[in-house]
Amino acid sequence: MTTASVLPPPPPLPGASVAPTASAPAASGSAAEPTPPVAVPPKVRIASPGRVAGAAAHLAALGVVGPAVFTALLGLFGSGFGLLPALLIGVVVLVVFVYALFGVAWFERARVDGLYRLGLASLRPRRSPKTGFMGVLHTIWLQAIDPLQWRAVASFAVATVLGLATVTAIGVVSWGLGLAVSPIFGWSDTRLFGLLPLPGIAAPLTGIAAIIVALGVIVGLAILHGVIVRAIFVPSREAQLVEQARTSDTRRAGAVRAAEVERTRIERDLHDGVQPRLVSIGMTLGLAQTKIDDDPEAAKALVAEAHASTKSAITELRQLARGIHASVLEDRGLDAALSALASRSHIPVTLDVRLPRRCGRAAEEAVYFAIAETLTNAAKHSRAAACRVDVRVREDGSLWARIEDDGLGGARIVPGGGLDGIVNRVTAAGGTARIDSPQGGPTTVEVNVPCAS
């Protein structure tokens with residue numbers, strides 16, 4: 001299988017694209033537009049009553065479940081190492097351990113984001129750009145050392161420890177409540193920690209004090225949990241600025257590269273298509289001019305031929321202009337532009353576009369370009385008989401598209417080629433591109449661009 005995953009800000013990974021195309025439509029120069037700054041996670045009020053109550057409930061649950069989860073993880077780890085002499089069994093158990101850690105990390109990241117609304121992206125499995133057996137081993141290794149995974153596991157461990165303390169504090173509250181109501185039920189044998197007798201009024205007063213202290217501890221643990229998880233998951237201001245600069249550099253490089261690829265494509269289209277046709281028209285008209293006196297009928301035929309060639313040249317120029325700037329995209333939106341694109345496709349295209357609203361111009365142009373280039377590649381190189389295009393606006397506000405054909409697959413990225421242009425254009429718009437093209441097909445291109453880019 002040949003697989004390429006390009007996730008900015010890391011550099012593009014080798015993998016999938018077909019050979020360069022000469023006539024793929026492209027969006028207008030959205031790649032060269034200024035890039036917006038990276039979103040900074042909002043300042044969260046971790047001490048608000050609702051979040052404190054929610055954190056306390058989370059900690060209480062993790063205090064019960066967390067130890068069992070870590071016991072299971074340690075059991076997998078120990079079993080894996082213990083079974084290493086059996087090689088295959090031990091390796092399989094260790095692989096299960098790695099992806100069990102990923103499951104815990106995914107849950108913890110989702111839990112924290114749901115509680116504190118930090119705007120964290122969902123944790124995704126790591127994948128290697130390599131193929132074959134070495135690619136599988138590299139994928140497992142990348143997952144095992146994924147820093148985001150280990151930060152989330154560390155957060156789960158901290159929450160488990162705080163949860164144990166919270167469960168203990170809840171037990172103290174229950175014990176204190178028993179002391180506080182002891183006079184009501186006539187309990188006379190009340191002892192502090194089961195040892196020191198508490199006569200008379202001392203029992204309810206001790207119970208009330210224990211309840212107040214335990215509740216204070218629970219609130220303090222909940223607030224501490226919020227402080228710790230923010231420190232773990234939300235980078236410092238300096239780290240945010242570094243990441244913002246790195247992302248901006250990546251997007252700028254993608255914009256420059258996309259512009260170069262687009263310029264090369266236009267030059268190729270003009271040189272290989274329109275220019276020879278115009279030269280042919282000129283030669284035909286010159287030949288007609290020499291025959292106009294001696295052989296008027298032949299001259300008329302040559303003029304008619306030049307006229308037909310002129311119409312074809314005008315059509316090619318219109319197609320080239322449409323590739324540079326799709327006016328229907330700007331006037332009527334992405335849905336209409338894709339319908340027009342599908343109607344011109346040389347292979348049948350099934351469109352499933354669900355867009356409740358318009359997205360930003362750069363986002364729509366990047367997605368349109370990706371779909372147009374992929375359809376052109378499929379028609380010219382993959383021998384596909386059909387293609388399916390799905391477009392959605394996701395819950396996180398991003399514009400997502402998936403293009404799949406039933407062709408031969410085995411595509412690869414070629415510098416200056418079709419999917420190289422897709423990667424650069426989508427990267428310049430602040431999005432991600434994922435291309436999967438195993439030998440034998442199908443080829444799948446998936447792009448995701450921030451809707452406001």
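The following paragraphs describe the overall make-up of a predicted protein model, its disulfide and a buried arginine.

In this predicted model, the secondary structure of the protein consists of 12 helices and 8 strands. Of the 453 residues in the protein, 42% are buried. The accessible surface amounts to about 23200 Å², and carbon and sulfur atoms contribute 66% of that area. Among contacts in the protein with a separation of 6 or more, 74% are made by residues 24 or more positions apart.

A search of the whole structure returned 1 disulfide. This bond links C359 to C451, with an S to S distance of 1.8 Å. The link of C359 and C451 is left-handed, with -80 degrees about the S-S bond. C359 is located in the loop between strand 4 (349-354) and helix 11 (361-382), whereas C451 belongs to the segment after strand 8 (443-450); the pair therefore ties together parts that are 92 residues apart in sequence. C359 and C451 are both buried. Another cysteine, C387, has a relative accessible area of 4% and is therefore classed as buried, the cut-off being under 20%.

R109 is situated in helix 2, which covers residues 88-116. Although R109 is buried, it has no salt bridge. The nearest side chain of opposite charge is that of D113, 7.6 Å away, whereas a salt bridge requires a side-chain nitrogen of Lys or Arg within 4 Å of a carboxyl oxygen of Asp or Glu. When neighbours within four places in sequence are set aside, R109 is in contact with L120, A121, L123, L148 and F233.

How values were computed. Residues are numbered from 1 along each chain as its sequence is written. This is a predicted model: local features need pLDDT of at least 70, side-chain atom pairs count only at pLDDT 80 or more; totals for chains, interfaces and linings use all residues. Side-chain values use heavy atoms; hydrogens and water are left out. A disulfide is a pair of cysteine sulfur atoms within 2.5 Å. Helices (H or I, at least four residues) and strands (E, at least two) are DSSP runs, numbered from the N terminus. Buried means under 20% relative accessible area, exposed over 50%, partly exposed in between (1.4 Å probe, protein chains only). Lys and Arg count as positive and Asp and Glu as negative; His and the chain ends are not counted. Contact means heavy atoms within 4.5 Å. Accessible areas come from the Shrake-Rupley method with a 1.4 Å probe; for residues, only the protein chains shown count as cover.
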